[in-house]
Amino acid sequence: MNALTTLAEETQNPLLPPIPELVIGLIAFAIVFFFFAKKLLPNINRVLDERRAAIEGGMEEAEARKAEAQQVLEDYRAQLADARHEAARLRQEAQEQGAALIAEMRAEGQRQREEIIAAGHAQIEADRKQAAQTLRQDVGKLATDLAGKLVGESLEDVARQSRVIDRFLDELETKADAAAETKAEAGR
């Protein structure tokens, strides 16, 4: 019985498969391995290589695009800086032109004011001369009428009247001018 039990135990040992099964398993493994090695493994390697190349190419393209984007950003920043400098220059130029225009307008206003003042002085002088002439005539007429009433005769010689009156008024003006100069010198 011992031999039978030992034999039974040997056939039933799960760690040692029967040899025909082992040979069939090895042949099936070799066929599957050969199929994988010849057909599937090159396709898998090719797909992996393509994927690796695509990833590396994508990374290189991403780096290139990143560098290009950085260059474009630097260009835009340079253009923005140039635009800011140009705007500052234009603003400065406009301020200078504005200041020049204001100075020009002030000078024009000053010139016009001086012209108006000169015209006013000329008009005042003309009015003063006309008033003095009218006043001389009126004073002369009144003086002649008064002298005629005092003398009792009419003094109708107009030419003589005019000369006497003009001489009298000129003497008064000369005395008034001399008095004004004396006052001006005393005030200094």
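This is a walk through the model, from its overall build to a few groups of side chains. The model is predicted, so local features need pLDDT of at least 70 and side-chain atom pairs count only at pLDDT 80 or more, while totals for chains, interfaces and linings use all residues. Residues are numbered from 1 along each chain as its sequence is written, and side-chain values use heavy atoms, with hydrogens and water left out.

Let's start with the whole chain. It has three helices and zero strands, and from the N terminus on the elements run α-α-α. Of the 188 residues, 4% count as buried. Buried means under 20% relative accessible area, exposed means over 50%, and partly exposed lies in between, with a 1.4 Å probe and protein chains only. The chain exposes about 16,800 Å², and carbon and sulfur atoms supply 62% of that area. Such areas come from the Shrake-Rupley method with a 1.4 Å probe; for residues, only the protein chains shown count as cover.

Now for helix α2, which covers residues 19-151. An unreviewed UniProt entry lists residues 22-41 as "transmembrane region"; UniProt positions are given in the numbering used here, feature names are shortened, and annotations may be inferred rather than shown by experiment. In the model, residues 22-41 are 100% helix and 0% strand, and their end C-alpha atoms lie 25 Å apart.

Next, look for the nonpolar patch on the surface, made up of V32, F35, F36, L40, L41, I44 and L48. Together these residues have about 590 Å² of accessible area. Patches are made of residues with over 30% relative accessible area and no salt bridge; like charges are joined within 9 Å, and nonpolar side chains (Val, Leu, Ile, Met, Phe, Trp, Tyr) within 5 Å. L40 counts as partly exposed because its relative accessibility is 31%.

The aromatic rings come next. A pair of aromatic rings is described by the distance of the centres and the angle of the planes. Rings of Phe, Tyr and Trp (its six-membered ring) pair if their centres lie within 6.5 Å; planes under 30 degrees apart count as stacked, over 60 as edge-to-face and the rest as tilted. By this rule the count comes to two aromatic pairs. F29 and F33 form a stacked pair, at 6.1 Å centre to centre with 25° between the planes. Both residues lie in helix α2, four residues apart, about one turn of the helix. F29 is exposed at 55% relative accessible area, and F33 is exposed at 53%. F35 and F36 form a tilted pair, at 6.3 Å centre to centre with 55° between the planes. F35 is partly exposed at 45%, as is F36 at 41%.

Finally, the charged side chains. The structure holds eight salt bridges, each a side-chain nitrogen of Lys or Arg within 4 Å of a carboxyl oxygen of Asp or Glu. One of them joins E50 and R46 at 3.6 Å, N to O; both residues lie in helix α2, four residues apart. Further along, E86, R89 and E93 are linked in a network of salt bridges. R89 meets E86 at 2.4 Å and E93 at 3.0 Å. E86 and R89 are three residues apart in helix α2, whereas R89 and E93 are four residues apart.

Notes
Helix = DSSP H or I, 4+ residues; strand = E, 2+ residues; numbered from the N terminus.
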